[in-house]
Amino acid sequence: MSDLVTGEAVALELRPAKLPSRALAVMIDLALAVTAYIVVTIALAVSTASLDDAAQVAVSIATFLLVLVGVPIAVETLSHGRSLGKLACGLRVVRDDGGPIRFRHALVRGAIGVVEILMTFGVVACISSLVSARGRRLGDVFAGTLVVRERVPTARTGFVPPPPPWLSGRFSALDLSAVPDGLWLAIRQYLTRMQQLDPQVGWAMAERLAADLTACTGAPAPQGVPPAAYLAAVVQERQAREARRAFGAGAGVSGAPGGPGPAGGLPGVGGAPQVSGSQGVYAPPVPGHNVWTGPAGSAQAVAPAAGQAEGGPVPSAQSPMPADQPSVPPREAPAADRPGTGFVPPS
(Lines give C-alpha, C1' and ligand atoms only; values in the text may rest on other atoms or scores of the structure.)
Protein backbone atom coordinates (compact mmCIF):
# COMPACT_ATOMS: atom_id res chain seq x y z
CA MET A 1 0.00 0.00 0.00
CA SER A 2 1.08 3.56 -0.65
CA ASP A 3 1.65 6.07 2.13
CA LEU A 4 -0.26 8.91 0.45
CA VAL A 5 -1.69 11.54 2.77
CA THR A 6 -4.37 14.02 1.70
CA GLY A 7 -4.56 17.67 2.72
CA GLU A 8 -6.90 16.67 5.54
CA ALA A 9 -4.20 14.33 6.96
CA VAL A 10 -6.07 11.21 5.84
CA ALA A 11 -3.87 8.27 4.86
CA LEU A 12 -4.89 6.67 1.57
CA GLU A 13 -4.56 2.94 0.98
CA LEU A 14 -3.56 2.97 -2.68
CA ARG A 15 -1.60 0.27 -4.43
CA PRO A 16 0.92 1.78 -6.87
CA ALA A 17 1.21 0.11 -10.26
CA LYS A 18 4.54 -1.51 -11.03
CA LEU A 19 6.51 -1.71 -14.25
CA PRO A 20 4.95 -4.83 -15.86
CA SER A 21 1.36 -3.59 -15.71
CA ARG A 22 2.34 -0.07 -16.71
CA ALA A 23 4.41 -1.34 -19.65
CA LEU A 24 1.48 -3.43 -20.87
CA ALA A 25 -0.86 -0.42 -20.65
CA VAL A 26 1.63 1.79 -22.54
CA MET A 27 2.04 -0.83 -25.28
CA ILE A 28 -1.73 -1.00 -25.77
CA ASP A 29 -1.96 2.79 -25.96
CA LEU A 30 0.98 3.02 -28.35
CA ALA A 31 -0.45 0.31 -30.60
CA LEU A 32 -3.74 2.19 -30.88
CA ALA A 33 -2.00 5.56 -31.36
CA VAL A 34 0.40 4.27 -34.04
CA THR A 35 -2.47 2.59 -35.89
CA ALA A 36 -4.45 5.83 -35.86
CA TYR A 37 -1.34 7.80 -36.91
CA ILE A 38 -0.72 5.53 -39.92
CA VAL A 39 -4.34 5.76 -41.06
CA VAL A 40 -4.39 9.57 -40.70
CA THR A 41 -1.02 9.92 -42.44
CA ILE A 42 -2.16 7.89 -45.44
CA ALA A 43 -5.35 9.90 -45.67
CA LEU A 44 -3.49 13.21 -45.48
CA ALA A 45 -0.86 12.08 -47.98
CA VAL A 46 -3.58 11.40 -50.52
CA SER A 47 -5.43 14.64 -49.84
CA THR A 48 -2.33 16.90 -49.73
CA ALA A 49 -0.51 15.48 -52.78
CA SER A 50 -0.88 18.76 -54.64
CA LEU A 51 0.90 20.79 -51.94
CA ASP A 52 4.58 21.63 -51.98
CA ASP A 53 7.20 19.87 -49.87
CA ALA A 54 7.26 22.46 -47.06
CA ALA A 55 3.51 22.23 -46.59
CA GLN A 56 3.60 18.45 -46.53
CA VAL A 57 6.35 18.50 -43.88
CA ALA A 58 4.30 20.93 -41.78
CA VAL A 59 1.23 18.73 -42.09
CA SER A 60 3.29 15.66 -41.08
CA ILE A 61 4.64 17.36 -37.94
CA ALA A 62 1.18 18.61 -37.02
CA THR A 63 -0.24 15.13 -37.49
CA PHE A 64 2.48 13.61 -35.31
CA LEU A 65 1.89 16.09 -32.48
CA LEU A 66 -1.88 15.84 -32.74
CA VAL A 67 -2.24 12.06 -32.88
CA LEU A 68 0.68 10.81 -30.78
CA VAL A 69 0.76 13.63 -28.21
CA GLY A 70 -2.48 15.62 -28.24
CA VAL A 71 -4.92 12.73 -28.37
CA PRO A 72 -3.39 10.85 -25.35
CA ILE A 73 -3.38 14.11 -23.34
CA ALA A 74 -7.03 14.75 -24.20
CA VAL A 75 -8.04 11.18 -23.37
CA GLU A 76 -6.32 11.24 -19.95
CA THR A 77 -7.85 14.65 -19.17
CA LEU A 78 -11.41 13.73 -20.12
CA SER A 79 -11.29 10.26 -18.54
CA HIS A 80 -9.53 11.49 -15.35
CA GLY A 81 -6.44 9.37 -15.88
CA ARG A 82 -7.88 6.29 -17.56
CA SER A 83 -6.68 5.70 -21.09
CA LEU A 84 -7.72 2.63 -23.04
CA GLY A 85 -4.58 0.73 -22.04
CA LYS A 86 -4.93 1.66 -18.39
CA LEU A 87 -8.62 0.78 -18.49
CA ALA A 88 -7.77 -2.67 -19.84
CA CYS A 89 -5.10 -3.21 -17.15
CA GLY A 90 -7.14 -1.75 -14.29
CA LEU A 91 -4.89 1.30 -13.76
CA ARG A 92 -5.55 4.98 -13.20
CA VAL A 93 -3.43 8.14 -13.00
CA VAL A 94 -4.07 10.17 -9.83
CA ARG A 95 -2.44 13.14 -8.15
CA ASP A 96 -0.01 12.72 -5.28
CA ASP A 97 -2.85 13.42 -2.85
CA GLY A 98 -5.11 10.81 -4.48
CA GLY A 99 -7.33 13.25 -6.38
CA PRO A 100 -8.17 13.14 -10.12
CA ILE A 101 -5.70 14.69 -12.54
CA ARG A 102 -6.40 17.77 -14.65
CA PHE A 103 -5.19 19.12 -17.97
CA ARG A 104 -1.89 20.44 -16.63
CA HIS A 105 -0.99 17.06 -15.15
CA ALA A 106 -1.80 15.26 -18.40
CA LEU A 107 0.09 17.91 -20.42
CA VAL A 108 3.30 17.50 -18.41
CA ARG A 109 3.05 13.72 -18.54
CA GLY A 110 2.46 13.73 -22.30
CA ALA A 111 5.22 16.26 -23.08
CA ILE A 112 7.86 14.41 -21.08
CA GLY A 113 6.54 11.08 -22.37
CA VAL A 114 7.57 12.10 -25.90
CA VAL A 115 11.20 12.11 -24.75
CA GLU A 116 11.28 9.19 -22.32
CA ILE A 117 8.93 6.86 -24.22
CA LEU A 118 8.81 7.73 -27.93
CA MET A 119 12.32 9.08 -28.59
CA THR A 120 14.19 6.60 -26.36
CA PHE A 121 11.86 3.65 -27.03
CA GLY A 122 10.85 3.54 -23.35
CA VAL A 123 14.35 2.94 -21.96
CA VAL A 124 14.37 6.07 -19.79
CA ALA A 125 10.84 5.37 -18.55
CA CYS A 126 11.74 1.79 -17.61
CA ILE A 127 14.87 2.85 -15.73
CA SER A 128 13.10 5.59 -13.78
CA SER A 129 10.19 3.27 -12.96
CA LEU A 130 12.55 0.60 -11.65
CA VAL A 131 14.50 3.09 -9.54
CA SER A 132 11.39 4.73 -8.05
CA ALA A 133 9.89 3.09 -4.96
CA ARG A 134 6.37 3.67 -6.28
CA GLY A 135 7.13 2.88 -9.92
CA ARG A 136 6.93 6.47 -11.17
CA ARG A 137 8.52 7.63 -14.40
CA LEU A 138 9.92 11.13 -14.99
CA GLY A 139 6.60 12.40 -16.30
CA ASP A 140 4.93 11.40 -13.03
CA VAL A 141 7.67 13.03 -10.96
CA PHE A 142 7.43 16.38 -12.75
CA ALA A 143 3.63 16.31 -12.98
CA GLY A 144 3.11 15.22 -9.36
CA THR A 145 1.09 12.15 -10.31
CA LEU A 146 1.02 8.46 -9.54
CA VAL A 147 -0.35 5.45 -11.40
CA VAL A 148 -2.35 3.19 -9.07
CA ARG A 149 -4.18 -0.09 -9.41
CA GLU A 150 -7.95 0.07 -9.34
CA ARG A 151 -8.74 -3.65 -9.43
CA VAL A 152 -7.32 -4.95 -6.17
CA PRO A 153 -8.29 -8.51 -5.16
CA THR A 154 -10.41 -8.51 -2.02
CA ALA A 155 -9.32 -10.63 0.88
CA ARG A 156 -11.65 -13.38 2.03
CA THR A 157 -13.23 -12.70 5.39
CA GLY A 158 -12.41 -15.37 7.91
CA PHE A 159 -14.99 -17.12 10.08
CA VAL A 160 -15.30 -15.64 13.57
CA PRO A 161 -16.51 -18.36 15.97
CA PRO A 162 -19.55 -17.17 17.94
CA PRO A 163 -19.27 -16.84 21.72
CA PRO A 164 -21.09 -19.25 24.05
CA PRO A 165 -24.84 -18.56 24.26
CA TRP A 166 -24.70 -17.53 27.93
CA LEU A 167 -22.18 -14.78 27.07
CA SER A 168 -24.29 -13.27 24.27
CA GLY A 169 -25.65 -9.89 25.29
CA ARG A 170 -23.81 -9.88 28.62
CA PHE A 171 -21.77 -6.79 27.66
CA SER A 172 -24.66 -4.63 26.45
CA ALA A 173 -23.79 -1.89 28.97
CA LEU A 174 -20.08 -1.83 28.09
CA ASP A 175 -18.65 1.47 26.81
CA LEU A 176 -16.84 0.70 23.54
CA SER A 177 -16.32 4.27 22.35
CA ALA A 178 -12.69 4.44 23.51
CA VAL A 179 -11.58 1.25 21.73
CA PRO A 180 -9.46 2.20 18.68
CA ASP A 181 -10.05 0.69 15.26
CA GLY A 182 -6.59 -0.88 15.27
CA LEU A 183 -7.44 -2.94 18.33
CA TRP A 184 -10.75 -4.09 16.78
CA LEU A 185 -8.86 -5.19 13.69
CA ALA A 186 -6.26 -7.06 15.75
CA ILE A 187 -8.99 -8.83 17.75
CA ARG A 188 -10.88 -9.86 14.63
CA GLN A 189 -7.72 -11.13 12.94
CA TYR A 190 -6.91 -13.18 16.03
CA LEU A 191 -10.41 -14.69 16.24
CA THR A 192 -10.36 -15.68 12.56
CA ARG A 193 -6.90 -17.27 12.77
CA MET A 194 -6.71 -18.63 16.30
CA GLN A 195 -7.29 -22.20 15.08
CA GLN A 196 -4.07 -21.91 13.04
CA LEU A 197 -1.95 -20.77 16.00
CA ASP A 198 -0.14 -22.84 18.56
CA PRO A 199 -2.45 -23.26 21.59
CA GLN A 200 0.01 -21.73 24.05
CA VAL A 201 0.83 -18.81 21.73
CA GLY A 202 -2.84 -18.23 20.95
CA TRP A 203 -3.78 -18.22 24.64
CA ALA A 204 -1.06 -15.68 25.45
CA MET A 205 -2.13 -13.49 22.54
CA ALA A 206 -5.76 -13.64 23.65
CA GLU A 207 -4.78 -12.61 27.19
CA ARG A 208 -2.80 -9.66 25.85
CA LEU A 209 -5.66 -8.51 23.60
CA ALA A 210 -8.16 -8.94 26.44
CA ALA A 211 -5.95 -6.81 28.70
CA ASP A 212 -5.76 -4.07 26.04
CA LEU A 213 -9.52 -4.19 25.57
CA THR A 214 -10.09 -4.01 29.32
CA ALA A 215 -7.79 -0.98 29.56
CA CYS A 216 -9.81 0.80 26.85
CA THR A 217 -13.24 -0.04 28.25
CA GLY A 218 -12.37 0.39 31.93
CA ALA A 219 -14.31 -2.73 32.90
CA PRO A 220 -12.46 -5.94 33.82
CA ALA A 221 -13.28 -9.20 32.13
CA PRO A 222 -15.55 -11.57 34.12
CA GLN A 223 -13.82 -14.13 36.29
CA GLY A 224 -13.62 -17.62 34.88
CA VAL A 225 -14.25 -16.56 31.26
CA PRO A 226 -11.43 -17.46 28.84
CA PRO A 227 -9.98 -14.39 27.13
CA ALA A 228 -10.87 -15.66 23.63
CA ALA A 229 -14.53 -16.08 24.59
CA TYR A 230 -14.50 -12.62 26.19
CA LEU A 231 -13.11 -11.11 22.98
CA ALA A 232 -15.70 -12.89 20.84
CA ALA A 233 -18.56 -11.72 23.07
CA VAL A 234 -17.42 -8.10 22.96
CA VAL A 235 -16.98 -8.24 19.18
CA GLN A 236 -20.50 -9.64 18.86
CA GLU A 237 -21.84 -6.80 21.03
CA ARG A 238 -20.13 -4.24 18.81
CA GLN A 239 -21.59 -5.86 15.69
CA ALA A 240 -25.04 -5.88 17.30
CA ARG A 241 -24.78 -2.15 18.01
CA GLU A 242 -23.67 -1.41 14.46
CA ALA A 243 -26.57 -3.48 13.10
CA ARG A 244 -29.08 -1.66 15.29
CA ARG A 245 -27.65 1.69 14.29
CA ALA A 246 -27.74 0.80 10.59
CA PHE A 247 -31.01 -1.15 10.36
CA GLY A 248 -33.04 0.08 13.31
CA ALA A 249 -33.64 -0.80 16.94
CA GLY A 250 -35.07 -4.24 16.14
CA ALA A 251 -31.95 -5.48 14.36
CA GLY A 252 -29.41 -7.70 16.05
CA VAL A 253 -26.87 -10.41 15.50
CA SER A 254 -27.15 -14.09 16.21
CA GLY A 255 -27.53 -14.67 19.92
CA ALA A 256 -27.60 -10.96 20.81
CA PRO A 257 -30.54 -9.25 22.46
CA GLY A 258 -32.92 -7.52 20.14
CA GLY A 259 -32.66 -10.18 17.45
CA PRO A 260 -36.05 -11.45 16.32
CA GLY A 261 -36.88 -15.11 16.65
CA PRO A 262 -34.80 -17.99 17.93
CA ALA A 263 -32.06 -17.45 15.39
CA GLY A 264 -31.78 -13.90 16.66
CA GLY A 265 -30.90 -11.45 13.97
CA LEU A 266 -30.22 -10.44 10.48
CA PRO A 267 -28.76 -12.99 8.12
CA GLY A 268 -25.20 -12.26 7.24
CA VAL A 269 -24.70 -9.72 10.06
CA GLY A 270 -22.20 -10.54 12.75
CA GLY A 271 -20.75 -13.73 11.30
CA ALA A 272 -22.15 -17.21 11.08
CA PRO A 273 -25.02 -18.42 13.29
CA GLN A 274 -24.51 -20.49 16.39
CA VAL A 275 -23.21 -23.94 15.57
CA SER A 276 -23.34 -26.88 17.91
CA GLY A 277 -19.90 -27.57 19.32
CA SER A 278 -18.41 -24.25 18.19
CA GLN A 279 -17.91 -23.22 21.82
CA GLY A 280 -15.06 -25.67 22.08
CA VAL A 281 -12.75 -23.42 20.08
CA TYR A 282 -12.38 -21.23 23.18
CA ALA A 283 -11.34 -24.10 25.46
CA PRO A 284 -8.02 -23.29 27.17
CA PRO A 285 -4.99 -25.31 26.11
CA VAL A 286 -3.44 -25.74 29.57
CA PRO A 287 -4.72 -27.42 32.72
CA GLY A 288 -6.08 -25.17 35.42
CA HIS A 289 -8.15 -23.06 33.01
CA ASN A 290 -10.54 -25.77 31.90
CA VAL A 291 -13.90 -24.05 31.83
CA TRP A 292 -15.59 -26.03 29.07
CA THR A 293 -13.43 -29.13 28.93
CA GLY A 294 -15.88 -32.00 29.11
CA PRO A 295 -15.43 -35.76 29.34
CA ALA A 296 -13.38 -37.57 26.74
CA GLY A 297 -11.72 -34.34 25.69
CA SER A 298 -14.88 -32.81 24.23
CA ALA A 299 -15.43 -29.07 24.75
CA GLN A 300 -18.95 -28.09 25.81
CA ALA A 301 -20.42 -24.86 27.15
CA VAL A 302 -21.94 -25.19 30.64
CA ALA A 303 -24.85 -22.89 31.40
CA PRO A 304 -24.80 -20.94 34.70
CA ALA A 305 -26.47 -22.72 37.56
CA ALA A 306 -29.92 -21.66 38.81
CA GLY A 307 -29.80 -18.84 41.32
CA GLN A 308 -26.24 -17.88 40.37
CA ALA A 309 -25.58 -14.19 39.85
CA GLU A 310 -25.10 -13.04 36.33
CA GLY A 311 -21.59 -11.77 36.95
CA GLY A 312 -20.51 -14.72 39.13
CA PRO A 313 -17.96 -17.37 38.21
CA VAL A 314 -18.83 -19.99 35.68
CA PRO A 315 -18.93 -23.55 37.01
CA SER A 316 -16.53 -25.88 35.27
CA ALA A 317 -17.38 -29.25 33.86
CA GLN A 318 -15.36 -30.97 36.59
CA SER A 319 -17.31 -29.34 39.42
CA PRO A 320 -20.54 -31.15 40.44
CA MET A 321 -23.72 -29.68 39.04
CA PRO A 322 -26.48 -28.69 41.48
CA ALA A 323 -29.14 -31.29 42.11
CA ASP A 324 -31.95 -29.10 40.84
CA GLN A 325 -30.04 -28.11 37.70
CA PRO A 326 -30.76 -30.44 34.77
CA SER A 327 -27.97 -31.20 32.39
CA VAL A 328 -27.98 -29.50 29.02
CA PRO A 329 -28.97 -32.08 26.43
CA PRO A 330 -26.92 -32.18 23.27
CA ARG A 331 -28.46 -30.66 20.16
CA GLU A 332 -29.91 -33.30 17.93
CA ALA A 333 -28.99 -33.59 14.30
CA PRO A 334 -31.69 -32.22 11.95
CA ALA A 335 -33.98 -34.96 10.74
CA ALA A 336 -34.91 -35.42 7.12
CA ASP A 337 -38.63 -34.75 7.74
CA ARG A 338 -38.04 -31.37 9.41
CA PRO A 339 -38.60 -28.15 7.49
CA GLY A 340 -35.72 -26.66 5.55
CA THR A 341 -35.78 -23.51 7.71
CA GLY A 342 -34.30 -25.33 10.68
CA PHE A 343 -37.20 -24.57 13.07
CA VAL A 344 -38.67 -27.57 14.85
CA PRO A 345 -42.48 -27.60 15.07
CA PRO A 346 -43.86 -27.87 18.62
CA SER A 347 -44.75 -31.33 19.77
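1. His-80 sits in the loop between α2 (53-78) and α3 (84-89). Helices here are DSSP runs of H or I, at least four residues, numbered from the N terminus. Phi of His-80 is near 60 degrees, which is positive in a residue other than glycine. At 41% relative accessibility, His-80 is partly exposed (buried is under 20%, exposed over 50%, partly exposed in between; 1.4 Å probe, protein chains only).

2. The model is predicted: local features need pLDDT of at least 70, side-chain atom pairs count only at pLDDT 80 or more, and totals for chains, interfaces and linings use all residues. Residues are numbered from 1 along each chain as its sequence is written, and side-chain values use heavy atoms, with hydrogens and water left out.

3. Phe-121 is not a glycine either, yet its phi is positive, about 60 degrees. Phe-121 belongs to the loop between α4 (103-119) and α5 (123-131). Its relative accessibility is 75%, so Phe-121 counts as exposed.

4. Helices α7 (residues 181-193) and α8 (residues 199-217) pack at about 150 degrees, with axes 11 Å apart. Axes are lines fitted to C-alpha atoms over the stretch in contact, and angles run from 0 to 180 degrees between N-to-C directions. The pair is therefore roughly antiparallel (angles over 145 degrees).

5. A nonpolar surface patch comprises Leu-30, Val-34, Ile-38, Ile-42 and Val-46, together about 430 Å² of accessible area (Shrake-Rupley, 1.4 Å probe, only the protein chains shown as cover). Patch residues have over 30% relative accessible area and no salt bridge, with nonpolar side chains joined within 5 Å. A salt bridge means a Lys or Arg side-chain nitrogen within 4 Å of an Asp or Glu carboxyl oxygen. Leu-30 lies in helix α1 (residues 19-47).

How values were computed. Patch = residues over 30% accessible without salt bridge, like charges linked within 9 Å, V, L, I, M, F, W, Y side chains within 5 Å. Helix = DSSP H or I, 4+ residues; strand = E, 2+ residues; numbered from the N terminus. Parallel < 35°, antiparallel > 145°, perpendicular 65-115°, else oblique.
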